[in-house]
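Please open the structure in your viewer and keep the selection tool at hand.

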Amino acid sequence: MALREIKLYQQDEVLRKKSKVVDEINDKILQLLDDMLETMYHANGVGLAAPQVGILKRIVVIDVGDGPIELINPEIVDSKGEQEEVEGCLSIPGLSGKVKRPQWVKVRALNRKGEKIELEGTDLLAIALCHEIDHLDGVLYIDKVIPGTLEG
Ligand code: CO
């Protein structure tokens, strides 16, 4: 395992690019998953997407306090409700702002064994899933922030 460098929004345009679908889960991908989790925990984050470590692949890791979640090629397939909570991003240090997100989402993805999985998240997990999956399309929370709520 190794720490990866977290790319910063102000310094790296990789965060604005669209990530590619993972078509083969090989040792390099498994290493990346391990490294992303280690990097996320080290930075005290609740989520990290591969573009944040400079890799344009559709991979995210999340831990909202219930243990690590690893998602390959995740897609939001259903959502319900609304919530407005303050978000930040490891790639945009020192800033935070309120974003409107669904209260509940259902996500389909692959796990590290290449098995299809389905995951439901409410509250903070729903936010983390939306925030991290947005990263895979080059979308940042500051694009969606409720005007006047950005602080830092
Ligand atoms: Co982020």
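**First stop: the cysteines**

Zero disulfides are present in this structure, which is a predicted model. A disulfide is a covalent bond between the sulfur atoms of two cysteines. Select Cys-130 and display its side chain. Where is the closest cysteine sulfur to that of Cys-130? It belongs to Cys-89, and because the two sulfurs are 14 Å apart, they are too far from each other for a bond; the cut-off for a disulfide is 2.5 Å. Cys-130 is also buried, its relative accessible area being 6%.

**Second stop: the cobalt ion**

Now select the cobalt ion together with Cys-89, His-131 and His-135. These residues coordinate the ion through SG of Cys-89, NE2 of His-131 and NE2 of His-135, at 2.0 to 2.3 Å. Along the chain, the donors follow the spacing C-x41-H-x3-H. Distant parts of the chain are linked here: Cys-89 and His-135 are 46 residues apart. Cys-89 lies in the loop between β4 (83-87) and β5 (97-101), whereas His-135 belongs to helix α2, residues 123-135.

Are Cys-89 and His-135 buried or exposed? Cys-89 counts as buried because its relative accessibility is 10%, and His-135 counts as buried at 1%. The cut-off for buried is under 20% relative accessible area.

Select Thr-122, which is found in strand β7 (residues 116-122). Thr-122 is partly exposed, with 42% relative accessible area. Which residues does Thr-122 touch, leaving aside those up to four places away in sequence? They are Gln-103 and Trp-104.

Next, select Asp-123, which is found in helix α2. Asp-123 is not a glycine, yet its phi is positive, at about 50°. Most residues other than glycine have a negative phi. Asp-123 counts as partly exposed, at 40% relative accessibility.

**Last stop: a loop residue**

Finally, select Asn-44, in the loop between α1 (27-42) and β1 (47-49). What is the phi of Asn-44? The angle is near 55°, a positive value in a residue other than glycine. Asn-44 counts as exposed because its relative accessibility is 72%, and the cut-off for exposed is over 50%.

Conventions: Residues numbered from 1 in each chain as written. Predicted model: local features only at pLDDT ≥ 70, side-chain atom pairs only at ≥ 80, totals over all residues. Heavy atoms only, no water. Donors = N, O, S within 2.8 Å, 3.2 Å for Na, K, Ca; no water. Helix = DSSP H or I, 4+ residues; strand = E, 2+ residues; numbered from the N terminus. Buried < 20%, exposed > 50% of the residue type's maximum accessible area, 1.4 Å probe, protein only. Contact = heavy atoms within 4.5 Å.
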